[in-house]
Amino acid sequence: MEDFNIGLLMDNEAMYDVCARYLSSMTASLRFKNILTSDLNVVQTNLIPYPRIHFPLANFAPAQSTEKTTYETANVMEITRSVFERDNQLIKIDPTIGKFMSCTLLYRGSVSPGQVYVALAEMRKSKGLEFVDWCPTGFKVGITSETPMSRCDSGIGQNNRNVVMLANTSAVGQAWQRIVHKYYILYSKRAFVHWYVGEGMEESEFNEALVNMTSLVKDYEEVASDTTV
């Protein structure tokens, strides 16, 4: 404790509750009664059109503070709009620069199918929501009636409904492109390579990883450019 002048404490505790709420709602169909079936096997089948394109964009709404929830209760239309907003994404990409292949919306709490269909009809009119030509209406909906719960000390407000979105979009290629760029910068300087080689890795494996990630970025670009004949 005496060997340094200042220590900045940082951990992922602030994200634990957000991730817990997200995972809890995503897997709610395994534990509670469903109004509309949202079995994870069905979700996967509808979400993944190609084996390598299996990294969906994950969003969650509403992510309101305890104070805000006291005064506002989001309805189905509002949480559906919110879940498509960039502020509610768990990865940093611009979904408007890309096309959706499929989209799964998993609602939980006080939600009826009629409310969802009205909200989705409104979302289909959005200019920022573009699907690939070969899958123009790729929505899958699941509804679990059990009300979502929140820890009282989490800072996240208690709502009587929420929604998780899993969207397979070509925009995810942006995240992989950033990783490739950072990887290339480090590897071009052979930074940290000696640690991995010392543990038994071959240097050729780094080249293979770079080729594989670059190929994945191109796969996402090709999906966005595909059109029907």
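Figure 1. Tyr196 counts as partly exposed because its relative accessibility is 43%; buried denotes under 20% relative accessible area, exposed over 50%, and partly exposed the range in between, with a 1.4 Å probe and protein chains only. Together with Leu186, Phe192 and Trp195, Tyr196 forms a nonpolar surface patch with about 490 Å² of accessible area. Patches consist of residues with over 30% relative accessible area and no salt bridge, like charges being joined within 9 Å and nonpolar side chains (Val, Leu, Ile, Met, Phe, Trp, Tyr) within 5 Å; a salt bridge is a side-chain nitrogen of Lys or Arg within 4 Å of a carboxyl oxygen of Asp or Glu. Areas are calculated by the Shrake-Rupley method with a 1.4 Å probe, and for residues only the protein chains shown count as cover. One aromatic cluster comprises Tyr183, Tyr187, Tyr196 and Phe206.

Figure 2. Seven aromatic pairs are found in the whole structure; rings of Phe, Tyr and Trp (its six-membered ring) pair if their centres lie within 6.5 Å, and planes under 30 degrees apart count as stacked, over 60 as edge-to-face and the rest as tilted. The pair of Tyr50 and Trp134 is edge-to-face because the ring planes stand at 70 degrees, with the centres 5.9 Å apart. Tyr50 lies in the loop between helix 2 (40-47) and strand 2 (57-61), and Trp134 in the loop between helix 5 (113-123) and strand 4 (139-144), 84 residues apart. Tyr50 is partly exposed at 34% relative accessibility, and Trp134 is partly exposed at 30%. The pair of Phe55 and Trp176 is likewise edge-to-face, with centres 4.9 Å apart and planes at 65 degrees. This pair links the loop between helix 2 and strand 2, where Phe55 lies, to Trp176 in helix 6 (residues 173-188), 121 residues apart. Phe55 is partly exposed at 29% relative accessibility, whereas Trp176 counts as buried at 18%.

**Figure 3. The buried residue Thr80 in helix 4.** Thr80 is located in helix 4 (residues 76-83) and counts as buried because its relative accessibility is 0%. A polar atom of the Thr80 side chain lies 2.7 Å from the backbone oxygen of Val76. Apart from residues up to four places away in sequence, Thr80 touches Tyr107, Ala119, Leu120 and Met123; contact means heavy atoms within 4.5 Å.

**Figure 4. The buried residue Ser25 in helix 1.** Ser25 is part of helix 1 (residues 13-26) and counts as buried at 4% relative accessibility. With neighbours within four places in sequence left aside, Ser25 contacts Phe60, Arg108, Asn162 and Val164.

**Figure 5. Overall context of the close-up views.** The chain contains eight helices and five strands. Of its 229 residues, 39% count as buried. Among contacts in the chain with a separation of 6 or more, 84% join residues 24 or more positions apart.

**Notes.** Residues are numbered from 1 along each chain as its sequence is written, and side-chain values use heavy atoms, with hydrogens and water left out. As the model is predicted, local features need pLDDT of at least 70 and side-chain atom pairs count only at pLDDT 80 or more, while totals for chains, interfaces and linings use all residues.

Methods:
Helix = DSSP H or I, 4+ residues; strand = E, 2+ residues; numbered from the N terminus. Polar contact = N/O pair within 3.5 Å; in protein donor to acceptor, adjacent residues only side chain to side chain.
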